[in-house]
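Open the model in a viewer and keep the selection tool at hand. The stops below can be visited in order.

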Amino acid sequence: MAIDFSVEPEFQANLDWIEQFVREEVEPIDALFPSQTLVFDKQNEETQGLIRPLQERVRERGLWAMHLPPSLGGMGLGNVSLALVNEILGRSPWASSVFGCQAPDSGNAEIIAHYGTDQQKDTYLAPLLDGLISSTYAMTEPQGGADPMNFTCTAVQDGDEWVINGQKWFASNFKYASFIIAMVITDPDVPVHRGASMILIPKPTQGMSLIRNVGLIHEEPGEGAHGYLQFDECRVPAENLLGDEGSGFKIAQTRLGGGRLHHAMRSVAVCRRALDMMGERIVSRRTKGAPLADQQAVRHSFADSWIQLEQFRLQVLHAAWQCDQNGYDKAREYVAGIKVATPKTVTDIAYRTLHGHGALGATNELPLGAMLQTGIMLGLADGPTEVHKDNLARKVLKGYRPSAGEFFPDMHLPTRRIAAREKYADLLEPQLANW
Ligand SMILES: Cc1cc2nc3c(=O)[nH]c(=O)nc-3n(C[C@H](O)[C@H](O)[C@H](O)COP(=O)(O)OP(=O)(O)OC[C@H]3O[C@@H](n4cnc5c(N)ncnc54)[C@H](O)[C@@H]3O)c2cc1C
């Protein structure tokens, strides 16, 4: 089947509008407020005062929350189209919020839309979709995130309430969130993939407390936005369960397929920015009386980034196309492939560009340190690289069978020659036939 990443002319006109809007209206806000977490603070009048009029213009253009189905006010776009949108939005930390598709709120909204009751949709989904509140997804626990079998945070039903006990770790943006969606063990006696459920916990709720905000590499202790949470006899109404009891991991899968594609395509934009910065730098900066670009080693560094970016972009678009053609479930290896490729591509390209800028590259006056850190984090957030590589290999290996021969692989030349000699015995020269 031909692979086609083209879009309708009307949609291309939208892409052109988005590109210009992000460049002219949103990117200046990045310069004023470069903090990536401030995006989630919906109570900040200074930043929201800038963002809300832009959101209004996006709504007027009919481009608000494009990832959602029309029934929820979105455009119901396919994955390739959304990938092309995210390739633009990824240029700016504020752009996704301006267009109503900020992760993790976009994924959280998707699962409430998909599995929520009418009451849950009214209480949590409506303000989330309107961009009025932020949310948190809390799955990881301090004793281990990559392996769900380590999860111990429980919810036990007591009359018309669930009682939650345990801890959650790295609940991103908890300090700005109005509610959290937590993965909790509701049946410890069955395998975790059938015994875990998702539950909605408004903030504040008695019994849910913040142990501390965990900061990333560059942040001062106490300044981070990743919540380390304690639940002590934390009670929520029985109707706060999201979807069926025991369906937590099924729901999580719904959330992650599209999210990984969007993250990857936004990372294409980050890499493009770094590549462009590198290009500008090496034709501007001089050494030994000539531009840096006159140094072969520097040109090779630039070429390595260009090649890596081209490969990555096509890989992401192809994964999006696979999802459009066959659905997320059948395209799991393609999505896992881009999840693995994303951190490597971002860190490699950001590192080369940072290095090419010398000491300036290492400062907080350029976004390169932040890009490098983002690359590292993308190898952990939503599961470490190794786990996704493993899942990919397991799925692809289902298409392989052991070799037919007892000792040698199917491509073993002497073995193949014997078969070929037999097949063409009548036509071969006797000398070759006996060889
Ligand atoms: C920036 C950021 C944001 C995050 N946001 C959230 C959030 O909002 N909500 C949330 O719930 N979590 C969040 N996380 C947590 C993230 O999902 C976990 O860090 C991740 O799942 C890994 O879990 P862990 O940190 O406990 O590492 P561990 O499970 O301890 O793994 C440590 C390392 O061991 C290796 N490893 C582990 N398992 C395997 C395996 N099966 N095969 C081979 N090697 C393996 C890998 O190298 C891995 O990096 C975030 C993390 C980061 C860095």
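Where does Lys-288 lie? Select Lys-288: this residue sits in the loop between strand 9 (286-287) and strand 10 (290-291). Helices (H or I, at least four residues) and strands (E, at least two) are DSSP runs, numbered from the N terminus.

Before going on, note that this is a predicted model, in which local features need pLDDT of at least 70, side-chain atom pairs count only at pLDDT 80 or more, and totals for chains, interfaces and linings use all residues. Residue numbers start from 1 along each chain as its sequence is written.

Stay on Lys-288 and look at its backbone. Lys-288 is not a glycine, yet it has a positive phi of about 50°. Is Lys-288 buried or exposed? Lys-288 counts as exposed because it has 7 C-beta neighbours inside 10 Å. A residue is buried if 20 or more other C-beta atoms lie within 10 Å of its own, exposed if 12 or fewer, and partly exposed in between, with C-beta atoms placed from the backbone.

Next, select Phe-170. Phe-170 also is not a glycine and has a positive phi, of about 70°. Its place is in strand 3 (residues 161-172). Phe-170 counts as buried because 21 C-beta neighbours lie inside 10 Å.

Now turn to the prolines. Select Ala-103 and Pro-104, which are joined by a cis peptide bond with omega about 0°. Pro-104 belongs to the loop between helix 4 (95-98) and helix 5 (105-115). Then select Lys-203 and Pro-204, where another cis peptide bond has omega of about 5°. Pro-204 is found in the loop between strand 5 (196-202) and strand 6 (208-214).

Colour the chain by domain: domain 1 (9-116), domain 2 (135-242), domain 3 (250-397) and domain 4 (407-435). These bounds come from an automatic or database domain assignment. The C-alpha centres of domain 2 and domain 4 are 64 Å apart.

Finish at the ligand. Domain 2 and domain 3 both give residues to the shell around the ligand, so the ligand lies between them. Which residues come nearest? Of the 22 residues around the ligand, these are Gly-145, Ala-146, Ser-172, Pro-384 and Glu-386. A residue is near a molecule if its C-beta atom, placed from the backbone, lies within 6 Å of it. Strand 1 (134-138), strand 3 and helix 13 (385-397) each supply at least two residues of this shell.
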